[in-house]
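Q: Please take a close look at one part of this model, the chain lettered B, and describe what can be said about its loops and packed helices. I am new to this structure.

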Amino acid sequence: MKRLVPYVTGGIRPDWTRYLVEYERNGATAIEIGLPFSDPILDGPTIQEASDRALSRGVTVASVLSDISDLSLTVPLIAMTYYNLVINKGPERFCADLAAAGVSGLIVPDLPIDEAGPVVTAAERHGVDLVLLAAPTTPPDRLAEIAARSGGWIYAVSTMGTTGERDQVAEEGIRLAKDLRELTGKPVLLAFGISRPEHAVAAAEASDGVVIGAALMRRILDGGEPEELGAVLGEFRAALDTVAV
Amino acid sequence: MAEPGELGRFGEYGGRFVPESLIPACARVEEAFRDAWSDPRFRRDLDRLLAVHAGRPTALTPAWRLSAELGINVLLKREDLAHTGSHKINNVLGQALLARRMGKTRLLAETGAGQHGVATATAGALLGLGVTVYMGEKDIERQALNVFRMKMLGTEVVPVTSGSRTLKDATSEAMRQWVTCVDEAHYCLGSVMGPHPYPWMVREFQRVIGDEARQQCAAELSTGVPDYVVACVGGGSNAAGTFAGFADTGAQLIGVEASGGAAVASGQTGVLHGFRSYLLQDENGQVSEAHSIAPGLDYPGVGPEHAHLNDIGRARYVTVGDDEVVPAVHRLARTEGILPALESAHAIAWVIRAAGTGELPPFSTVLVTLSGRGDKDVATLMEADPMEAGPMEAGS
């Protein structure tokens, strides 16, 4: 089965964990939770707006982790945030807090492999996978290093740009996913711009699955209820299930 | 002030904390800069541009009347006399030449006060490069004159409406846009900040301020070197360039931050815009908004080399509030006939205060970099204190 990882900005509204429950019920294989940061440098307008909205509600890393620690989900939870929030607590405590809340993965978009040492060490100690990003511009030798050191799976950024909905999956992303799969047996998930079920199908033919962020967050910002988002995710699931593994 | 090595480190600060998509682009800028900076032809081309287009060397002006009033010897390094009205042109001409050498056709830039935007627009026009400048909506309102100047120079000015709508958010947006066009565009960062090699490269392009001032002080002062070297610090490029010329002397280096944007005085170690340094942030690690009457100092971080110079005690960082800055503008205008930028007036304000308290001993020699001219700030000054524009006695 191809992997399907939906994203939600933690604390986007008071009952935000209901989205997690609906995502799980509708075929998510893992869920990415954004820990909102004031200056999300790799995010486009949709997720920037979601982060701002959550922060204006007073959301913190601690409050998001507290919200999820009571849930009894069976799918893995992966935190996504920016490096300043990790430094603020220190990698050791940050990873310990993630693990204590039941989070098993961490994505830090502004922490490239060259600077990742202290977080890699702390994450390993607490059983958290530090998932590394690869981009279409990453040269082959660096791609191999990222593939070797990424924890659990590899987050392949499909296009040279920020997060956001797009009309089609970029060819450069398809190429990147294929290159990565030749380098490693670890799962490669394609992210950025996967906006419709047919995009997921195109992406999954070259990869092990997809991450869907802005397309879901746009609907949440527009007032979409958890059940509606669950149904949307179900359409992605159904489409992905047509793709041969 | 040393070369920061391949990792771009100044002590524990600096680095390259950018999305993976930008890593190759940063590496290419570093490689191109190392190559250009060791190429005598590049250096000659830049020196010539600085001379014939930017008007270098800028003067070292003894501030006679202010010195007499304060009982110290104040020398002003006049970056306000550089073409486009600030030190920003030094760095931009360097980066624009580098961009052309790298085969780029466009420049992207962020701007706060508008001075870096105007300088980039100017260099783009001069070298035939397209220019897009990202500017916070709030700064667009405050700096309408500079926005108009940029447009006249053929530059596209893109308003940034996110966050605090100032320099911080303009920088974020410029970096986001750079990801989308790294093949044809060079990100012309305006201060000693950002991912490696920018803090180092910009300092080297601004070193001309300190090198010239060092020579000029040698001719002007019996001691050869001033006792104090003072410059305002937002990101800190004019200070870094000035300090570079005096790093190996006994001069005391003083960086003056805006009290509402004092990353060294009030920040904690953090990472923003690709580099590790002192950063204004709340207890949860969210970046705080800086507040200063000077838009160029309205930035929550400080260049990583300044953080390092502070830690090792080579430079000292002090703060000045808006309430001291406006009188400093008026005082310099009335004593010396020079209207400094609000940013530069922070350095003047500290000198006035420190002379008054005896922190600057009587007869000490003080070099102050006037990073820019104040024409752009006239509307702000009128709003801050319209009565100040009325008649009053010199020196009051």
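A: A residue counts as exposed when its relative accessible area is over 50%, as buried when that area is under 20%, and as partly exposed in between. The model described here is predicted. With these cut-offs, B:Phe363 is exposed, because its relative accessible area is 73%. B:Phe363 sits in the loop that runs between α14 (342–357) and β14 (365–370) of chain B. The backbone of B:Phe363 has a positive phi, near 70°, in a residue other than glycine. Most residues other than glycine have a negative phi, and most peptide bonds are trans.

A positive phi also occurs at B:Arg165, where the value is about 55° and the residue is again not a glycine. B:Arg165 belongs to the loop between β7 and α8 of chain B. With a relative accessibility of 28%, B:Arg165 counts as partly exposed.

B:Thr166 is placed in the loop between β7 (156–160) and α8 (167–180) of chain B. B:Thr166 counts as buried, because its relative accessibility is 3%. Its side chain makes a polar contact, at 3.0 Å, with the side chain of B:Ser164. When residues up to four places away in sequence are not counted, B:Thr166 touches B:Gly136, B:Lys138, B:Asp139, B:Arg142 and B:Asp298.

Two peptide bonds can be taken next. The bond that joins B:Arg56 and B:Pro57 is cis, with omega about 0°. B:Pro57 is found in the loop between α2 (40–52) and β3 (60–62) of chain B. The peptide bond from B:His196 to B:Pro197 is cis as well, and its omega is near 20°. B:Pro197 lies in the loop that connects β8 (185–187) and α9 (198–220) of chain B.

Another loop of chain B, between β4 (73–78) and α4 (88–101), holds B:Ser86. B:Ser86 is buried, because its relative accessible area is 3%. The side chain of B:Ser86 reaches the backbone nitrogen of B:Lys88 at a distance of 3.1 Å. Leaving aside neighbours within four places in sequence, B:Ser86 is in contact with B:Glu79, B:Gln115, B:Ser371 and B:Gly372.

Two packed helices are described by the angle between their axes and the distance between the axes. Helix α5 of chain B covers residues 115–127 and helix α7 of chain B covers residues 144–152; they pack at an angle of about 10°, and their axes are 9 Å apart. An angle under 35 degrees counts as roughly parallel, so α5(B) is roughly parallel to α7(B). By class, the contact of α5(B) with α7(B) is made up of 3 nonpolar, 3 polar and 1 charged residues.

The chain around these parts can now be described as a whole. Chain B has 15 helices and 14 strands. Of its 396 residues, 65% count as buried; B:Ser86, at 3% relative accessible area, is buried, whereas B:Phe363, at 73%, is exposed. Among contacts in chain B with a separation of 6 or more, 75% are accounted for by residues 24 or more positions apart. The C-alpha atoms of chain B fill a box of roughly 55 × 45 × 40 Å, taken along the principal axes. A compact globule with 396 residues would have a radius of gyration near 21 Å, and the 19 Å of chain B agrees with that.

Chain A can be described in the same terms. Chain A has 11 helices and 9 strands, and 62% of its 245 residues count as buried. Its C-alpha atoms fill a box of roughly 40 × 40 × 30 Å along the principal axes. For 245 residues, a compact globule would have a radius of gyration near 18 Å; chain A has 16 Å, which agrees.

Definitions and conventions
Residues numbered from 1 in each chain as written. Chains lettered and ligands numbered in written order. Predicted model: local features only at pLDDT ≥ 70, side-chain atom pairs only at ≥ 80, totals over all residues. Heavy atoms only, no water. Axes fitted to C-alpha atoms, helices over the stretch in contact; angles between N-to-C directions. Helix = DSSP H or I, 4+ residues; strand = E, 2+ residues; numbered from the N terminus. Parallel < 35°, antiparallel > 145°, perpendicular 65-115°, else oblique. Nonpolar A, V, L, I, M, F, W, Y, C, P; charged D, E, K, R; others polar. Buried < 20%, exposed > 50% of the residue type's maximum accessible area, 1.4 Å probe, protein only. Polar contact = N/O pair within 3.5 Å; in protein donor to acceptor, adjacent residues only side chain to side chain. Contact = heavy atoms within 4.5 Å. Rg over C-alpha atoms; globule rule 2.2 N^0.38 Å.
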